[in-house]
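Okay, thanks for coming, everyone.

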Amino acid sequence: MGTLSSSGVTNCIIEYTGFDKAVTAAVGSECATKIRMVNDAYERMIGSKPEGKGWDTALEQFHCENDMWLEDFYYMIADSWSMVDQYSKKSDLCGALKDITIESTDAEITTTFSTFSNEYWGNDFCTGGFYNTNQMADPKRWDVNSRSWRWQTCYEVSYFNTAPGSGSLRNTIVDLDYHLKQCEAVFGIPMFPSSIEMNKRYGGAEPNANHVFYSDFSDDPWLRASPNYSISDTQPMFLSQCDDCGHCKDLHTPTEEDPEPVKQSRREFEGYMSKWLNE
């Protein structure tokens with residue numbers, strides 16, 4: 001027997017600053033600068049407290065509910081740009097931000113980004129149940145899928161996306177303390193994930209497995225939590241290095257337009273699978 005682990009996220013990391021670092025590396029320095037300008041524009045618009053005209057404007061731009069935490073908002077906008085890269089569309093993101101300059105006003109910068117986000121993800125991106133802490137704690141408003149994933153992160157696998165110590169794209173208030181406070185607010189009890197124990201049991205970055213082919217992709221922010229090398233003959237790994245090659249890039253019907261590295265990854269997997277089935 002054998003299996004394909006596409007973008008397999010096996011290494012539980014409590015403070016996963018690598019997510020932000022990977023997005024920064026994938027989009028390139030020019031686009032990363034534009035993203036930081038977006039974040040900075042919102043920081044100036046909103047200030048340090050979730051109140052006032054700037055806060056109201058920010059919420060209106062994304063159709064957000066007015067009871068979300070300030071940290072929730074900054075987590076939401078960071079997810080918006082990060083997941084575009086994650087799902088193989090960094091070119092769309094960077095193309096949308098290309099006209100932002102140092103002469104652009106905060107209103108122009110935030111309108112440019114919020115318009116792109118709403119067109120890309122839909123007007124319910126902020127209200128869908130994944131970001132608003134109060135919404136996730138309210139049985140009349142919560143989304144079951146979003147709440148279930150929060151339980152997994154809070155109780156088991158962690159992967160809290162936090163701001164790196166320097167060069168962060170996201171606001172630095174999106175830190176571990178925020179995520180843990182959110183866990184407690186949503187589920188009503190203090191929580192800390194069992195990530196260390198899970199890594200000991202299952203192997204983390206070096207999984208306890210056999211006959212697994214790990215396919216990873218250069219633009220995927222989860223790459224740094226995946227096996228980074230071929231662990232053994234029964235746990236090979238292939239990295240597809242190509243633009244707009246994000247999370248699970250190979251899990252669609254193959255086409256002639258697929259990047260050559262993705263085609264090569266599929267060929268290697270087929271070779272290993274054939275070998276394992278014949279053993």
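Let me start with a question: is cysteine 242 buried or exposed? Cysteine 242 is buried, at a relative accessible area of 13%. By buried I mean under 20% relative accessible area, with exposed being over 50% and partly exposed in between, using a 1.4 Å probe and protein chains only.

Before going on, some bookkeeping. This is a predicted model, so keep that in mind: local features need pLDDT of at least 70, side-chain atom pairs count only at pLDDT 80 or more, and totals for chains, interfaces and linings use all residues. Residues are numbered from 1 along each chain as its sequence is written, and side-chain values use heavy atoms, with hydrogens and water left out.

Now the overall picture. We have eleven helices and three strands. Those are DSSP runs numbered from the N terminus, H or I of at least four residues for helices and E of at least two for strands. Going along the sequence, the order is β-α-α-α-α-α-α-α-α-α-α-β-β-α. The radius of gyration is 20 Å, close to the 19 Å from the globule rule for 279 residues, so the protein is as compact as a globular protein of that length. For the record, that radius is taken over C-alpha atoms, and the rule is 2.2 Å times the number of residues to the power 0.38. Along the principal axes, the C-alpha atoms fill a box of roughly 65 × 45 × 35 Å.

Of the 279 residues, 49% are buried. If you take contacts (heavy atoms within 4.5 Å) with a separation of 6 or more, 70% of them come from residues 24 or more positions apart.

Okay, back to the cysteines. How many disulfides does a search of the whole structure find? It finds four, where a disulfide is a pair of cysteine sulfur atoms within 2.5 Å. Number the bonded cysteines in sequence order and the pairing reads 1-3, 2-4, 5-6, 7-8.

Take cysteine 31 and cysteine 94, whose sulfur atoms are 2.2 Å apart. The torsion about their S-S bond is about -95 degrees, so that disulfide is left-handed. The pair links distant parts of the chain, 63 residues apart, with cysteine 31 in helix α2 (residues 29–46) and cysteine 94 in helix α5 (residues 90–97). Both of these cysteines are buried.

Next, cysteine 64 is joined to cysteine 126, S to S 2.1 Å. This link is right-handed, with 115 degrees about the S-S bond. Here too distant parts of the chain are linked, 62 residues apart: cysteine 64 sits in the loop between α3 (53–62) and α4 (70–86), and cysteine 126 in the loop between α6 (106–121) and α7 (133–136). Cysteine 64 and cysteine 126 are both buried.

And our opening residue? Cysteine 242 pairs with cysteine 245, with the sulfur atoms 1.9 Å apart. That link is left-handed, at -100 degrees about the S-S bond. Cysteine 245 has 0% relative accessibility, so it counts as buried.

Cysteine 248 is partly exposed, at 23% relative accessible area. Cysteine 12 has 11% relative accessibility, so it counts as buried.

Moving on to helix α1, residues 18–27. Eight of its ten residues are buried, among them Phe19, Val23 and Val27. The cover over those buried residues includes α2, α4 and α5. Just after α1, glycine 28 takes a positive phi of about 90 degrees.

Last stop: tyrosine 214, in strand β2 (residues 212–217). Tyrosine 214 is buried, with a relative accessible area of 3%. Leaving aside neighbours within four places in sequence, its contacts include Ser5, Pro207, Ile231 and Phe238. From tyrosine 214 to threonine 24 is 190 residues in sequence and 23 Å in space, C-alpha to C-alpha.

That's my tour; over to you.
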